[in-house]
Amino acid sequence: MTTKAEQRRADLREKLVNAAEARIRDAGVTSLRARDLAKDAGCAVGAIYNAFDDMTALVMAVNGRTFQRLGAEVEAAVAASQDAVASERLIRMSEAYLDFASANNRLWRALFDLELPADGEVPDWYRTALDRLFQHIAGPVAELFPDQPRAEQALTVRALFSSVHGIVLLGWENRISGVPPQEIRRMIALVLSQLTVR
């Protein structure tokens, strides 16, 4: 049974995550300041550190929500394309990833911009959220490369994710090595089509 103190702490955590999510969405993860969040959540600055170990833990909680939403978008793409060939399913998943990154750019960037301390451990729930995303890629990869050992398939999954992520990131940052934003979708399809040719 939850005590009143535990419920108050849970309520404060929820308010702080909501406030941090709004600030990241509007101005990016570097915009977070304890004083601003305390004002948004209606609490003292010190109360933030009673609810979370530090600001990194608070951003991780926001990122957990973002991963869940991203996962739901990718799952919807998987469900909508289950009759397509494996390479086409990968392309559709990648398009869902791109669409999510486009619509939630600062929250998406916070997933990867958060610097963890050298001795900081990534929480299990965070790894689980990322693994769930990789599992969607693993199905088509297993179909395309059935003779690969499982360890190589797992590496291929991460390589494909890294490729798509890199294209999206460089395209959105408009880097010299990137691709014009209006061509990101086409470039992803070209790369995945080539990587999955058998």
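Q: What does accessible area rest on here?
A: Accessible areas come from the Shrake-Rupley method with a 1.4 Å probe, and for residues only the protein chains shown count as cover.

Q: How much accessible surface does the protein have, then?
A: The accessible surface of the protein is about 11600 Å², and 51% of that belongs to carbon and sulfur atoms.

Q: What kind of model is this?
A: The model is predicted: local features need pLDDT of at least 70, side-chain atom pairs count only at pLDDT 80 or more, and totals for chains, interfaces and linings use all residues. Residues are numbered from 1 along each chain as its sequence is written, while side-chain values use heavy atoms, with hydrogens and water left out.

Q: How many helices and strands are there?
A: The protein has nine helices and zero strands. Helices (H or I, at least four residues) and strands (E, at least two) are DSSP runs, numbered from the N terminus.

Q: And what does the C-alpha trace span?
A: Along its principal axes, the C-alpha trace of the protein spans about 60 × 40 × 35 Å.

Q: How much of the protein is buried?
A: Of its 198 residues, 40% count as buried. Buried means under 20% relative accessible area, exposed over 50%, and partly exposed in between (1.4 Å probe, protein chains only).

Q: Changing topic, how many aromatic pairs does the structure hold?
A: The structure holds five aromatic pairs. In one of them, the ring centres of Y97 and W108 are 6.1 Å apart and the planes stand at 80 degrees, so the pair is edge-to-face. Rings of Phe, Tyr and Trp (its six-membered ring) pair if their centres lie within 6.5 Å; planes under 30 degrees apart count as stacked, over 60 as edge-to-face and the rest as tilted.

Q: Where do Y97 and W108 lie?
A: Y97 lies in helix α5 (residues 86-103) and W108 in helix α6 (residues 105-113), so the pair ties together parts that are 11 residues apart in sequence. Both Y97 and W108 are buried.

Q: Which residues form the aromatic cluster?
A: One aromatic cluster is formed by Y97, W108, F112, F134 and F161.

Q: Now R65: where is its place?
A: R65 is in helix α4 (residues 55-80).

Q: Which side chain does R65 join in a polar contact?
A: The side chains of R65 and N18 are joined by a polar contact of 2.8 Å. A polar contact is a pair of N or O atoms within 3.5 Å; within protein, one must be able to donate a hydrogen and the other to accept it, and residues adjacent in sequence count only if both atoms are side-chain atoms.
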